[in-house]
Amino acid sequence: MSVSKAAPETQEPYPLSTLRHSVAHLMASAVGKLFPGVQYGFGPSIEHGFYYDFDLPEPLTDKDLKRIEKEMRRIARQSPEIKREDVSREAARERLLGWGQEYKLEALDGIPEDEAISFYGHADWADLCEGPHIDSLDRPFHFKLLNIAGAYWRGDEKRPMMQRIYGTAFWTESELAEHLEWLKEVKLRDHRRIGTDLDLYSTHEEAGAGFIFWHPSLGIVRHEIENFWWEEHIRRGYEPVYTPHVLREELFEKSGHLEHYAEMMYAPMTIDGMPYRVKPMNCPGHILMYGSRGRSYRELPLRWAELGTVYRYERSGALHGMLRVRGFTQDDSHIFCTPEQLADEIAGVLELTDFILKTFGYEYTAYLATKPAEKFIGDDDIWERATAALREAADKVGMPLELDAGGGAFYGPKIDFKQKDALGREWQNSTVQCDFNLPERFDMTYTDRDGTQKRPIMVHRAILGSFERFVGGLIEHYGGKFPLWCAPSQVAVIPIREQHAEYCGKLARELKADLFRVRNMDEPGHMNKKIKQAQHDQIPFMLIAGDRERDEGTVTIRRRATREQEVVPFGEFLELIRSLRETRSLTLERNAGAARGT
RNA sequence: GCUGCUGUAGCUCAGUGGUAGAGCACUUCCUUGGUAAGGAAGAGGUCAUGGGUUCGAGCCCCAUCAGCAGCUCCA
């Protein structure tokens, strides 16, 4: 997941990235002062700040960050001027040798022959660097060092692990404060925190890492999403299929998974003396079904959909809450079609993806990923035709495409979606991929109009990606405040006094009869406490009723996250939430149908 | 997997080698309250697990498991 929060880009005369790179230098010089003998790696500016990599004998701690910040301020005050020095390659080498900077020497060797070599520095410190930098550290700016982490030299896991310090910098104090506030909000919305707080899911040491247990409250969220998903798929001519989880190893040899994907697959188990594997993907199963009898052009396209649970080995350090797990359910589908049908089929997928993502309130960008430069199968002609079909499909539904040149899979071009959540962070879940490989490997055919056997094209597509990742992302996107249609509890009914429990019970029964999920809070205890509880649990609506409401047949509505009260006849409330549910409204306001996708 | 850090009650956390703590949540009783925490009492922990050091370990050491920040890799 990457992040693309709107950030101020420039401040005359320097862009923010230049400032951040200079602050990275300032940090490096401070680290050099405090830890003599440090070896420097790279220290670029990044999307929301900067980092610098160091090789130090001692591990850094959070306490060191404060010391380093202090030293940075001292240095900036004392010798603010940043100087550039152009040197010959030989002089640079001698200088770096003199300083004993081995990583920098390697970096120097990586600079092309025809490029100039320069150092940037301040005070008695300098760094091999092409710049640019701000001219002086006494310009007004504000920074903060954020965290320490390990990072491989040059991102290569076979090379030494260095210590990386992340920080951020802005021209103004208010921008820095705003960014820190945003980081706080990110932390507050963390699905792992909300997941525990709202009793949504758990993982268990006893069960092993990377396996998600969906509690009832999140179970109903998923159930609603599944219903929605199936409804829209069946509407569009998809057919549900179900395939087994454990299959003979031979099948994965034939599909090529064992060859290309073995390190992601769990070890074989022996059944009747034969090796079997837990499936890491659903496609081989669907292909078997396709091949169960002869196929005619008349029955194409076939759109087979399965919420298929797969298991993949992920390295322990890669696991992350619900977002990166070892067992997950894909909203998978395979479309088998003729080359002529391809563009229409893709268009249908794009339209459906657009509809589903917008229902959840996601903006998105679609990327066309074309033929990789090196490893690929299939001849140029079929790649060109498939890529053209993807373009044509996007055109047909009026979807703009960004280009991801060479980003296709080895088996075909694809369109990937990056969806943007409420905090401006981007997630990649949805994908549509053309596949020329598997139809070939499994010798899939259909009989065409002229009686000849032809090869179908196979399209893999997932829109949510996996329920685990998608719902984990949704928790953060909504901050636990699910829209009414999929909220775990939809209405809390709160009597003002115990004697109003009867009226409240009647309201609750009527809502339940209409299949609303109701929390009837008729247990003894104070109303205020129940309001607080319902608020904490992010229940969209509270219905509060006392003498007045009972006598008039009304309810007092209170929406989550607001203190405003509204008294309406119960029938009117029922109508409101029916309409919110039907339109899968993202808000809790009347006429919210119009608010779809905003 | 790698580097660093962490693991004490359901949750958030205090506890620097000598009798396991707090707040919230939970249970019971009292409280009958008009829009975000009424009061009292109670229950709840082999201090992740297994070894070691020590007269004595939640605390020190080692291993394992799980988690966190990243790197690498991905739906």
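A charge sits over a ring if NZ of Lys or CZ of Arg is within 6 Å of the ring centre and within 35 degrees of the ring normal. I looked for such cases in this predicted model. The charged end of Arg20 lies over the ring of Phe170, 4.7 Å from its centre. I also noted Arg95, whose charged end sits over the ring of Phe119 at 4.5 Å from the centre.

Before going on, I wrote down the ground rules. Residues are numbered from 1 along each chain as its sequence is written, and side-chain values use heavy atoms, without hydrogens or water. In this predicted model, local features need pLDDT of at least 70, and side-chain atom pairs count only at pLDDT 80 or more.

Next I looked up ring pairs. Rings of Phe, Tyr and Trp (its six-membered ring) pair if their centres lie within 6.5 Å; planes under 30 degrees apart count as stacked, over 60 as edge-to-face and the rest as tilted. By this rule I have 26 aromatic pairs. The ring centres of Phe228 and Phe355 are 6.1 Å apart with planes at 40 degrees, so this pair is tilted. Phe228 is in helix 7 (residues 216-235) and Phe355 in helix 11 (residues 342-359), 127 residues apart. Helices here are DSSP runs of H or I with at least four residues, numbered from the N terminus.

Is Phe228 buried or exposed? Phe228 counts as buried, at 1% relative accessibility, and Phe355 counts as partly exposed at 24%. Buried means under 20% relative accessible area, exposed over 50%, partly exposed in between (1.4 Å probe, protein chains only).

Last, I noted that ring pairs join Phe228, Phe355, Phe360, Tyr362, Phe470 and Trp485 into a cluster.

Methods
Chains are lettered from A and ligands numbered from 1 in the order in which they are written. Helices (H or I, at least four residues) and strands (E, at least two) are DSSP runs, numbered from the N terminus.
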